[in-house]
Amino acid sequence: MSQRDDMVAQATGTDDEASSLQAVGSADEAADQDDLDGDEPDFDDDESGADEAAAQEASDGEADRPAVADLELEGEIAADYIEGLLDVADLDGDIDMDVEGERAVVSVVGATLDELVGRRGEVLEALQELTRLAVHQQTGSRTRMMLDVGGYRQRRRAELAETGQDAADEVLRTGQAKKLWPMNPFERKIVHDAVAAAGLRSESEGEEPQRRVVVLPAG
């Protein structure tokens, strides 16, 4: 059994934990799509009361915003969990914790961690969901904690921003919509932002795991 298999076996544990992971993962996936996808919401044509609604939305947002202390606690729990997995797999790695926006971020830095990222970050995504489960089990609350390994997400962010810019340039040149390949919510968010920065609009279509960004021509 490989080191990566050891980590997954240790992390998944009992059938009950696996069932809990499925439930938490489904909730996270839905929340991530709401939070990260660049799809445009439906707006009411009646603009009366818009200012009042906006003020209420801002007030609700303040109430729902997690406290920094809670996010720091999530980071500590996640870091302890990841440290335990690294010990089981006999892998070396330094763990950094931070809070970015409204989520805890835990980063693992090391020279021999490529196998924990996997093809297109698939292993990393699985480890992130397992870590979120561990946090959820201790806090009782859903978490949007983000896990990074070896700076993968930072590199991937730069690559996807370039992808979005290139797609926008092509659509501006041809006047034709462009469909990209299937991406996870993290990846789609970055592409949506890059397309918007180029002055165009994009949307997501399809169902997971085949959901993808479509860059639309102006007008």
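Arg156 is located in helix H6; helices here are DSSP runs of H or I with at least four residues, strands are runs of E with at least two, and both are numbered from the N terminus. The structure is a predicted model, in which local features need pLDDT of at least 70 and side-chain atom pairs count only at pLDDT 80 or more, whereas totals for chains, interfaces and linings use all residues. Residues are numbered from 1 along each chain as its sequence is written, and side-chain values use heavy atoms, with hydrogens and water left out.

Arg156 counts as buried because its relative accessibility is 12%. The term buried denotes under 20% relative accessible area, exposed denotes over 50%, and partly exposed denotes values in between, with a 1.4 Å probe and protein chains only. Leaving aside residues up to four places away in sequence, Arg156 touches Arg120, Trp181, Phe186 and Glu187, a contact being heavy atoms within 4.5 Å. Another arginine, Arg153, places its charged end over the ring of Phe186, 4.9 Å from the ring centre. This arrangement is assigned if NZ of Lys or CZ of Arg is within 6 Å of the ring centre and within 35 degrees of the ring normal. Aromatic pairs number zero in the structure; such a pair would require rings of Phe, Tyr or Trp (its six-membered ring) with centres within 6.5 Å, and planes under 30 degrees apart would count as stacked, over 60 as edge-to-face and the rest as tilted.

Helix H6 comprises residues 152-174. Its 23 residues reach 33 Å from the first C-alpha to the last, close to the expected 33 Å, where the expected span is 1.5 Å times one less than the number of residues. The buried residues of H6 are Tyr152, Arg153, Arg156, Leu160, Thr163, Gly164, Ala167, Ala168 and Val171. In general, an α-helix has 3.6 residues a turn, so residues three or four places apart point the same way. The cover over the buried residues of H6 includes helix H5 (122-139), strand S3 (146-149), S4, H7 and S6. Glu159 also belongs to helix H6, but it counts as partly exposed because its relative accessibility is 43%. Glu159 and Glu187 are 28 residues apart along the chain, and their C-alpha atoms are separated by 9.8 Å. Just after H6, Gly175 adopts a positive phi of about 75 degrees.

One consists of three strands in the order S4-S6-S5, with antiparallel pairing; two strands are taken to pair if DSSP finds at least two bridges between them. Strand S4 (178-182) and strand S5 (201-205) are at the edges with a single partner strand each, so one side of each has no neighbour in the sheet. From one strand to the next, the twist averages 20 degrees. S4 pairs with strand S6 (residues 212-216) in the antiparallel sense over three bridges, and Lys178 has Val215 in S6 as its bridge partner.

Two helices lie across this sheet. Helix H6 lies across S4 and S6 and runs at about 155 degrees to S4, while helix H7 (residues 185-197) lies across S4, S5 and S6 and runs at about 155 degrees to S5. Angles run from 0 to 180 degrees between N-to-C directions, and axes are lines fitted to C-alpha atoms, for helices over the stretch in contact. Leu180 lies in strand S4 and is buried, with a relative accessible area of 5%. Leaving aside residues up to four places away in sequence, Leu180 touches Thr163, Ala167, Val191, Arg212 and Val213. Leu180 and Arg212 are 32 residues apart in sequence, and the distance between their C-alpha atoms is 6.0 Å.

The other open sheet has three strands in the order S1-S2-S3 and mixed pairing. Its edge strands, strand S1 (94-100) and S3, each pair on one side only. Strand S2 (residues 103-109) pairs with S3 in the parallel sense over four bridges, and Val105 stands opposite Met146 in S3.

Overall, the secondary structure of the chain amounts to seven helices and six strands, in the order α-α-α-α-β-β-α-β-α-β-α-β-β from the N terminus. Of the 219 residues in the chain, 35% are buried. Among contacts between residues at least 6 apart in sequence, 65% join residues at least 24 apart.
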